[in-house]
Amino acid sequence: MKVQESAENYLETILILGQAQNTVRSIDIVHKLNFSKPSVSVAMKNLRQKGLIVMDTDGHIALTESGRKIAETIYERHTVLSQMLIDLGVDPEIATQDACRMEHVISPESFNAIKDHIRQKKSGNGQDV
């Protein structure tokens with residue numbers, strides 16, 4: 001399922017928050033992303049309608065299987081691209097900001113090629129470029 005960049009950012013944030021704490025609520029997302037409560041509320045409603053999250057009666061948010069798959073894909077892209085840029089000598093803060101933009105537009109083919117290149121280089125099988 002293809003979703004908009006903003007939805008991918010929300011799903012990735014829910015994943016990250018869920019790894020750091022037991023429960024995730026809308027207010028946690030508000031604080032993490034520095035967005036307004038109404039904006040997050042609308043986004044959570046849209047994600048629920050698309051079947052990407054579920055909310056219980058206490059307001060705790062959980063990713064559905066399809067939501068988790070999208071979130072994990074975006075998070076993997078973010079971490080790999082950030083580290084690649086840092087390894088190339090880019091300032092970590094800039095690398096993270098650039099990776100946030102790149103993670104949404106890179107094709108699976110290009111991303112897999114980058115991962116394969118990094119894997120080969122780390123295993124010593126790759127040639128220096």
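A residue is called buried here when its relative accessible area is under 20%, exposed when that area is over 50%, and partly exposed in between. Keep those cut-offs at hand as we walk through this predicted model, since we will come back to them at several stops.

Let's start with the whole chain. It holds 6 helices and 2 strands, and from the N terminus on the elements run α-α-α-β-β-α-α-α. Along the principal axes, the C-alpha atoms fill a box of roughly 55 × 30 × 25 Å. Of the 129 residues, 33% count as buried. The accessible surface comes to about 8300 Å², and carbon and sulfur atoms account for 50% of it. As for charge, there are 15 positive and 17 negative side chains, with the centres of the two sets 5 Å apart. If you look at contacts between residues at least 6 apart in sequence, 53% of them join residues at least 24 apart.

Now step inside. The largest nonpolar core has 21 residues, and those touching the most other members are Leu11, Ile14, Ile29, Met44, Leu47 and Ile53. Two or more residues come from each of α1 (5-20), α2 (26-33), α3 (37-49), β2 (61-63) and α4 (65-87). Helix α1 gives the most, with 6 residues.

Helix α2 deserves a stop of its own. Which of its residues are buried? They are Asp28, Ile29 and Val30, and what covers them includes α1, α3 and β2. One of these three, Ile29, is also among the core residues that touch the most other members.

Just after α2 comes Asn34, with a positive phi of about 60°, a value found here in a residue other than glycine. Asn34 sits in the loop between α2 and α3. Its relative accessibility is 69%, so Asn34 counts as exposed.

A pair of aromatic rings is described by the distance of the centres and the angle of the planes. The chain has 1 aromatic pair: the ring centres of Tyr10 and Phe35 are 5.9 Å apart and their planes stand at 70°, so the pair is edge-to-face. Because Tyr10 lies in helix α1 and Phe35 in the loop between α2 and α3, the pair ties together parts that are 25 residues apart in sequence. Tyr10 has a relative accessibility of 7%, so it counts as buried. Phe35, with a relative accessible area of 40%, is partly exposed.

Ile94 is found in helix α5 (residues 92-102). At 42% relative accessibility, Ile94 counts as partly exposed.

Terms used: Residues are numbered from 1 along each chain as its sequence is written. This is a predicted model: local features need pLDDT of at least 70, side-chain atom pairs count only at pLDDT 80 or more; totals for chains, interfaces and linings use all residues. Side-chain values use heavy atoms; hydrogens and water are left out. A nonpolar core is a set of buried Ala, Val, Leu, Ile, Met, Phe, Trp, Tyr and Cys residues joined through side-chain atoms within 4.5 Å. Buried means under 20% relative accessible area, exposed over 50%, partly exposed in between (1.4 Å probe, protein chains only). Helices (H or I, at least four residues) and strands (E, at least two) are DSSP runs, numbered from the N terminus. Contact means heavy atoms within 4.5 Å. Accessible areas come from the Shrake-Rupley method with a 1.4 Å probe; for residues, only the protein chains shown count as cover. Lys and Arg count as positive and Asp and Glu as negative; His and the chain ends are not counted. The place of a charge is taken as NZ of Lys, CZ of Arg, CG of Asp or CD of Glu. Rings of Phe, Tyr and Trp (its six-membered ring) pair if their centres lie within 6.5 Å; planes under 30 degrees apart count as stacked, over 60 as edge-to-face and the rest as tilted.
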